[in-house]
Amino acid sequence: MLKPKRREAGLSQEELAFRTELSPSYISLLETSNRQRTLTVLAELANCLGVGLPDLLTEVMAEEASSER
C-alpha cells in the first residue's frame, strides 16, 4: 500500500524519510507492514505523498484486514 503510493509520487525511501523526518529504515518497515503505523505518521505520509488521509487509512485498514485472514 505505501510502497506503490511512494513510487507513484516519484519518491525514494530516502526522500520520503527526509520529507517526513523519519528514518529510511522506518519507512522500509512501514512498507513491509512490520511496524505499526500511528495516525500522526499516516497523516504525515499522506501529506508528503499527496493523497488524502481518509484514502490512505482505508487502504491501510483493508491491507491489515486481508493479512489477518
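This is a predicted model: local features need pLDDT of at least 70, side-chain atom pairs count only at pLDDT 80 or more; totals for chains, interfaces and linings use all residues.
The side chains of Glu63 and Arg37 meet in a salt bridge, at 3.1 Å from N to O. By salt bridge I mean a side-chain nitrogen of Lys or Arg within 4 Å of a carboxyl oxygen of Asp or Glu. Glu63 lies in helix α5 and Arg37 in the loop between α3 and α4, so the pair ties together parts that are 26 residues apart in sequence. Helices here are DSSP runs of H or I with at least four residues, strands are runs of E with at least two, and both are numbered from the N terminus.

Residues are numbered from 1 along each chain as its sequence is written, and side-chain values use heavy atoms, with hydrogens and water left out.

Buried means under 20% relative accessible area, exposed means over 50%, and partly exposed is in between, with a 1.4 Å probe and protein chains only.

How many salt bridges does the structure hold? There are 4. Another of them joins Glu31 and Arg6, whose closest N and O atoms are 2.4 Å apart. Glu31 lies in helix α3 and Arg6 in helix α1 (residues 2-8), so this pair ties together parts that are 25 residues apart in sequence. Glu31 is buried, with a relative accessible area of 13%, and Arg6 also counts as buried, at 7%.

A further salt bridge links Glu15 with Arg19, with 2.8 Å between the closest N and O atoms. Both residues lie in helix α2, 4 residues apart, which is about one turn of the helix. Glu15 counts as partly exposed at 30% relative accessibility, and Arg19 is partly exposed at 44%. As a general point, side chains of opposite charge can pair when their charged atoms come close.

Let us turn to the nonpolar core. Such a core is a set of buried Ala, Val, Leu, Ile, Met, Phe, Trp, Tyr and Cys residues joined through side-chain atoms within 4.5 Å. The largest one has 16 residues, and Leu2, Leu16, Leu30, Leu45 and Leu56 touch the most other members. Helices α2 (13-20), α3 (24-31), α4 (39-49) and α5 (53-68) each supply at least two residues. Which helix gives the most? Helix α4 does, with 6 residues.

Leaving out residues up to four places away in sequence, Leu30 touches Leu2, Arg35, Gln36, Arg37, Val41 and Leu45, where contact means heavy atoms within 4.5 Å. Arg37, the salt-bridge partner of Glu63, is therefore also among the contacts of Leu30.

Leu57 is found in helix α5 and is partly exposed, with a relative accessible area of 27%. Beyond its neighbours within four places in sequence, Leu57 is in contact with Leu39 and Leu42.

Finally, the chain as a whole. It has 5 helices and 0 strands. Of its 69 residues, 30% count as buried. Along its principal axes, the C-alpha trace spans about 35 × 25 × 20 Å. Among contacts between residues at least 6 apart in sequence, 46% join residues at least 24 apart.
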